[in-house]
Amino acid sequence: MLSAIYLAITVQVVSVSDGDTVRVVIPDWPDVVGLNIPVRIRGIDTAETVGGCPKPRKMALEAKTLLSKILSKAQNIEIKNIERGKW
(Lines give C-alpha, C1' and ligand atoms only; values in the text may rest on other atoms or scores of the structure.)
Protein backbone atom coordinates (compact mmCIF):
# COMPACT_ATOMS: atom_id res chain seq x y z
CA MET A 1 0.00 0.00 0.00
CA LEU A 2 1.27 3.44 -0.92
CA SER A 3 1.27 6.07 1.78
CA ALA A 4 -0.04 9.54 1.09
CA ILE A 5 1.25 12.94 2.11
CA TYR A 6 -1.72 14.74 3.67
CA LEU A 7 -0.34 18.20 4.32
CA ALA A 8 -1.16 20.98 1.86
CA ILE A 9 1.76 22.22 -0.20
CA THR A 10 1.70 25.47 -2.17
CA VAL A 11 2.92 24.90 -5.72
CA GLN A 12 3.59 26.90 -8.86
CA VAL A 13 1.73 25.67 -11.93
CA VAL A 14 4.09 25.45 -14.91
CA SER A 15 1.57 24.30 -17.51
CA VAL A 16 -1.82 22.71 -18.00
CA SER A 17 -1.51 19.43 -19.87
CA ASP A 18 -5.23 18.78 -20.29
CA GLY A 19 -8.46 19.13 -18.32
CA ASP A 20 -7.30 16.90 -15.46
CA THR A 21 -3.50 17.20 -15.37
CA VAL A 22 -1.13 20.06 -14.61
CA ARG A 23 2.65 20.28 -14.29
CA VAL A 24 3.92 21.96 -11.14
CA VAL A 25 7.05 23.03 -9.33
CA ILE A 26 7.11 22.20 -5.63
CA PRO A 27 9.41 24.76 -3.99
CA ASP A 28 12.13 23.46 -1.68
CA TRP A 29 11.74 19.87 -2.91
CA PRO A 30 14.57 18.14 -4.79
CA ASP A 31 14.26 18.59 -8.57
CA VAL A 32 13.74 14.87 -9.13
CA VAL A 33 10.42 15.02 -7.27
CA GLY A 34 9.57 18.71 -7.34
CA LEU A 35 10.48 20.16 -10.75
CA ASN A 36 7.94 20.10 -13.58
CA ILE A 37 6.04 17.21 -12.01
CA PRO A 38 2.72 16.09 -13.53
CA VAL A 39 -0.15 16.19 -11.06
CA ARG A 40 -3.48 14.62 -11.85
CA ILE A 41 -6.53 16.21 -10.27
CA ARG A 42 -8.40 13.63 -8.23
CA GLY A 43 -12.05 13.23 -9.12
CA ILE A 44 -11.75 14.76 -12.59
CA ASP A 45 -11.40 12.69 -15.75
CA THR A 46 -11.41 14.44 -19.10
CA ALA A 47 -10.71 13.16 -22.57
CA GLU A 48 -7.17 13.40 -23.91
CA THR A 49 -6.27 16.37 -26.12
CA VAL A 50 -4.45 14.21 -28.67
CA GLY A 51 -5.80 11.38 -30.79
CA GLY A 52 -9.31 10.08 -30.68
CA CYS A 53 -12.38 11.34 -32.45
CA PRO A 54 -12.89 15.05 -33.22
CA LYS A 55 -15.78 15.66 -30.76
CA PRO A 56 -14.05 14.25 -27.63
CA ARG A 57 -10.82 16.03 -28.65
CA LYS A 58 -12.73 19.34 -28.95
CA MET A 59 -14.29 18.78 -25.52
CA ALA A 60 -10.86 17.96 -24.09
CA LEU A 61 -9.43 21.22 -25.43
CA GLU A 62 -12.37 23.11 -23.91
CA ALA A 63 -11.70 21.43 -20.54
CA LYS A 64 -8.02 22.37 -20.76
CA THR A 65 -8.91 25.99 -21.55
CA LEU A 66 -11.36 26.14 -18.64
CA LEU A 67 -8.84 24.69 -16.19
CA SER A 68 -6.22 27.19 -17.40
CA LYS A 69 -8.63 30.08 -16.81
CA ILE A 70 -9.55 28.86 -13.33
CA LEU A 71 -5.92 28.40 -12.28
CA SER A 72 -4.84 31.76 -13.74
CA LYS A 73 -7.25 33.50 -11.33
CA ALA A 74 -6.03 31.65 -8.23
CA GLN A 75 -3.93 33.49 -5.69
CA ASN A 76 -2.52 30.26 -4.20
CA ILE A 77 -2.56 26.76 -5.57
CA GLU A 78 -2.10 23.91 -3.13
CA ILE A 79 -1.82 20.20 -3.57
CA LYS A 80 -2.72 17.81 -0.78
CA ASN A 81 -3.42 14.14 -0.19
CA ILE A 82 -0.49 13.43 -2.47
CA GLU A 83 -0.01 9.84 -3.51
CA ARG A 84 1.62 8.09 -6.37
CA GLY A 85 -1.03 7.14 -8.89
CA LYS A 86 -1.54 4.60 -11.58
CA TRP A 87 -0.98 7.12 -14.36
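A salt bridge here is a side-chain nitrogen of Lys or Arg within 4 Å of a carboxyl oxygen of Asp or Glu. Why can these two meet? Lys58 and Glu62 are four residues apart in helix H2, so about one helical turn separates them. Side chains of opposite charge can pair when their charged atoms come close. Lys58 is exposed at 53% relative accessibility. Glu62 is partly exposed, at 43% relative accessible area. The cut-offs are these: buried is under 20% relative accessible area, exposed is over 50%, and partly exposed lies in between, with a 1.4 Å probe and protein chains only.

A word on the model. It is a predicted model, where local features need pLDDT of at least 70 and side-chain atom pairs count only at pLDDT 80 or more, while totals for chains, interfaces and linings use all residues. Residues are numbered from 1 along each chain as its sequence is written, and side-chain values use heavy atoms, leaving out hydrogens and water.

Now the whole chain. The protein chain has two helices and four strands. From the N terminus, the order is β-β-α-β-α-β. Helices (H or I, at least four residues) and strands (E, at least two) are DSSP runs, numbered from the N terminus. The C-alpha trace spans about 40 × 35 × 20 Å along its principal axes. How many of the 87 residues count as buried? The figure is 22%.

Next, the strands. Two strands pair if DSSP finds at least two bridges between them. Strand E1, residues 9-18, pairs with E4 in the antiparallel sense over three bridges. In that region, Ile9 stands opposite Ile79 in E4. E1 also pairs with strand E2, residues 21-25, again antiparallel, over five bridges. Val13 stands opposite Val24 in E2. What joins E1 to E2? A hairpin does, through two residues.

Back to charges. The structure holds four salt bridges. Take Arg40 and Asp45: their closest N and O atoms are 3.3 Å apart. Arg40 is partly exposed, at 38% relative accessible area. Asp45 is exposed, at 66%. Asp20 comes in as well: Asp20, Arg40 and Asp45 are linked in a network of salt bridges.

Then there is Glu83 with Arg42. Their closest N and O atoms are 3.1 Å apart in the salt bridge. This pair links distant parts of the chain, 41 residues apart. Glu83 sits in the segment after strand E4 (77-79), and Arg42 in the loop between strand E3 (37-40) and helix H2 (54-72). Buried or exposed: which is Arg42? Arg42 counts as exposed, at 57% relative accessibility. Glu83 is partly exposed, at 41% relative accessible area.

Met59 is in helix H2. Met59 counts as partly exposed, at 49% relative accessibility. Where is Thr46 relative to Met59? The two are 13 residues apart in sequence and 8.3 Å apart in space, C-alpha to C-alpha.
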